[in-house]
Amino acid sequence: MTNYFSFFLFCLVIGIYVIPECFSMEIVGGKEVAPHSRPFMVSIQSDSNHICGGVLIHPQWVLTAAHCRFLFVEGQPSTVVLGAHSLSKKEPSKQRLAIRELIPFSEQLSDDIMLVKLHTAAKLSKYVQLLHPRSKNSIKDGTKCQVTGWGATNPDVLESSDTLQEVTVTVISRKVCNSQSYYNHRPAITKDMICAGDANGQKDSCQGDSGGPLICKGVFRAIVSKGDKCGVAKKPGIYTLLTKKYRDWIKHNLASLHTY
C-alpha cells in the first residue's frame, strides 16, 4: 500500500488483530543510548517477545499505545520488562512482571492510549524509575524532541533492536501534516495528536516503538502511535499528545480502586 489511508483500510478489512505492521513503529536514524540512562522505559512482551514500548508512570502502572493490545499472542504470557538495556542479555537490573489488566481510553482507534496495570508493583531503583506525563495541550512547531525504543533500526529489516535506541525528531504543524502533500487528513491529525519527523525522512519512529515516549525539552509530552511505513519524508510519525483529557483519565484511574 502506498499511502496511509489505503493501508489503514487494508488493516480494517483483513483484521487489525493479526497485522502488527498496521500500527507498530520502529526507530530509524537514531543511536544507542547509554545503558540504563532511560530507567522509565518498559518493554511490553508477549511470549517473551518484545511487541511495544511503554513508560512506567507509577510502580504498578505503565502507559502505552492502545493498539498494542492487538499484538499479544493469545494464550501466551503477557509481561513487562523493566530495568533493561539489552533485551537478550541477563542483566541483574531487570524486573519481569506479569500484566494484570489492560485499560484503553476508549474503543476509538483515534484514542491510541492505554494503561497497563501490573500484578505487582515494581521495585524502584537507579535502574527502574517513574516518568510522569505532562503537556500544555500543544507543542510549538519546530520543537526538537527525543523518541526512544527497542524498535527496528532498518525499515527494510523489521527486527527489534536488542539495545535501547533514541532519535531526535522535529515537531511538524497539524496544518502541514494534514495538507495534501502529507497525510491529507488520512488520518486527520486532531488536537489530541501531533506529527514529528525529519525533513529528509531519515529520522523516525516506526515497528516495536509503539507506546514509547516522545520527550521534548525534558518533558514527557506524547507517545508513539502510528504512521505510513518508516522514514518517509512527508509521512512523519504520528503521536498521541498527552492532552488534559488523557491526563485527567490517567489521574482518575491511578486514584481509583484499580490501584492495588
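This is a predicted model: local features need pLDDT of at least 70, side-chain atom pairs count only at pLDDT 80 or more; totals for chains, interfaces and linings use all residues.

User: Okay, how many residues does helix 3 have?

Analyst: Helix 3 runs over residues 244-255 and has twelve residues, and the distance from its first C-alpha to its last is 16 Å, close to the 16 Å expected at 1.5 Å a residue.

User: And which of its residues are buried?

Analyst: In helix 3, the buried residues are Tyr246, Arg247, Trp249, Ile250 and Asn253. Looking down the axis of helix 3, these buried residues fall within an arc of 160°, so they line one face of the helix. On the other side, Lys251, His252 and Ala255 are exposed.

User: What covers the buried ones?

Analyst: The cover over the buried residues of helix 3 includes strand 3 (49-58), strand 4 (61-64), strand 6 (95-104), strand 7 (114-118) and strand 13 (237-241).

User: Switching topic, how much space lies in the largest pocket, and what kinds of residues line it?

Analyst: The largest pocket holds about 230 Å³ of space, and its lining divides into three nonpolar, three polar and five charged residues. Among the lining residues are Arg134, Lys136, Ile139, Cys216 and Arg221.

User: What about the largest cavity, what is its volume?

Analyst: The volume of the largest cavity is about 60 Å³. Ten residues line this cavity, and the closest to its centre are Ala66, His67, Gln108, Leu109 and Asp112.

User: And the second largest cavity?

Analyst: The second largest cavity has a volume of about 40 Å³, and its lining has five nonpolar, two polar and one charged residues, with Met41 and Tyr127 among those that line it.

Key: Residues are numbered from 1 along each chain as its sequence is written. Side-chain values use heavy atoms; hydrogens and water are left out. On a 1 Å grid over the protein atoms alone, a cavity is a set of points where a 1.4 Å probe fits but cannot get out, and a pocket is an open set with protein on both sides within 12 Å along at least five of seven lines; lining residues have an atom within 4 Å of a point. Grid points are joined across faces, edges and corners, and a volume is the space filled by probe spheres set on the points. Ala, Val, Leu, Ile, Met, Phe, Trp, Tyr, Cys and Pro count as nonpolar, Asp, Glu, Lys and Arg as charged, and the others, Gly among them, as polar. Helices (H or I, at least four residues) and strands (E, at least two) are DSSP runs, numbered from the N terminus. The expected span of a helix is 1.5 Å times one less than its number of residues. Buried means under 20% relative accessible area, exposed over 50%, partly exposed in between (1.4 Å probe, protein chains only). The arc is that of the directions from the helix axis to the C-beta atoms. Contact means heavy atoms within 4.5 Å.
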